[in-house]
Amino acid sequence: MDLKHIEDETCFVCGAQIESETRKHKHTNGLWNEYREFTCGKVLHYVPNFKTVVIDKECPNTAGELKKRQRREKAKEKLLDYVEALKVDKGYKQEIYRSLRFV
Ligand SMILES: [Zn+2]
């Protein structure tokens, strides 16, 4: 697709290539919203209302995203340890574990 406003051909964080491109929801000013997704998951979005490119979804390889994932994993480990130490029946613990599976 020939996007007119997003110039990055690769993810500038990790060098990932283009996965997909779309153009949708034409603004009243006649310009389209443009989206470019890279294979790492990063999504750039041209917003016609502000005539600028923003990051809709950050590259998972930035220092900030890596740190956020590490903190979440540590938090989840602490939660699992806490649940394991609870003095409740095994079935209830399994219900809690099932609800934590998606976080
Ligand atoms: Zn990336």
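The questions below go from the whole chain to single residues.

Reader: Which pattern does the chain follow along the sequence?
Author: This is a predicted model. The chain holds two helices and four strands. Read along the sequence, the pattern is β-β-β-β-α-α.

Reader: Is the chain a compact globule or more spread out, and what is its radius of gyration?
Author: For 103 residues the globule rule gives 13 Å, and the chain is well over that, so it is more spread out than a compact globule. Its C-alpha atoms fill a box of roughly 60 × 30 × 20 Å along the principal axes. The radius of gyration is 20 Å.

Reader: What distance separates the centres of domain 1 and domain 2?
Author: The chain is divided into domain 1, residues 1–61, and domain 2, residues 63–100. Taken over C-alpha atoms, the centres of the two domains are separated by 35 Å.

Reader: What percentage of the residues in the chain is buried?
Author: A residue counts as buried if 20 or more other C-beta atoms lie within 10 Å of its own. Of the 103 residues in the chain, the buried ones make up 7%.

Reader: Is leucine 3 buried, exposed or partly exposed?
Author: Leucine 3 sits in the segment before strand 1. Not counting residues up to four places away in sequence, leucine 3 touches Glu21, Arg23, Glu34 and Arg36. Because 17 C-beta neighbours lie inside 10 Å, leucine 3 counts as partly exposed.

Reader: What separation do the C-alpha atoms of leucine 3 and threonine 22 have?
Author: Leucine 3 and threonine 22 are 19 residues apart along the chain. Their C-alpha atoms are separated by 8.2 Å.

Reader: Where is histidine 25, and what is its phi?
Author: Histidine 25 is in the loop between strand 1 and strand 2. With 8 C-beta neighbours inside 10 Å, histidine 25 counts as exposed. Although histidine 25 is not a glycine, its phi is positive, at about 55°.

Reader: What is phi of lysine 51?
Author: Lysine 51 lies in the loop between strand 3 and strand 4. Lysine 51 is exposed, with 11 other C-beta atoms within 10 Å. Its phi is positive in a residue other than glycine, near 50°.

Methods. Residues numbered from 1 in each chain as written. Predicted model: local features only at pLDDT ≥ 70, side-chain atom pairs only at ≥ 80, totals over all residues. Buried ≥ 20, exposed ≤ 12 C-beta atoms within 10 Å, placed from the backbone. Contact = placed C-beta atoms within 7 Å. Domains from an automatic or database assignment. Rg over C-alpha atoms; globule rule 2.2 N^0.38 Å.
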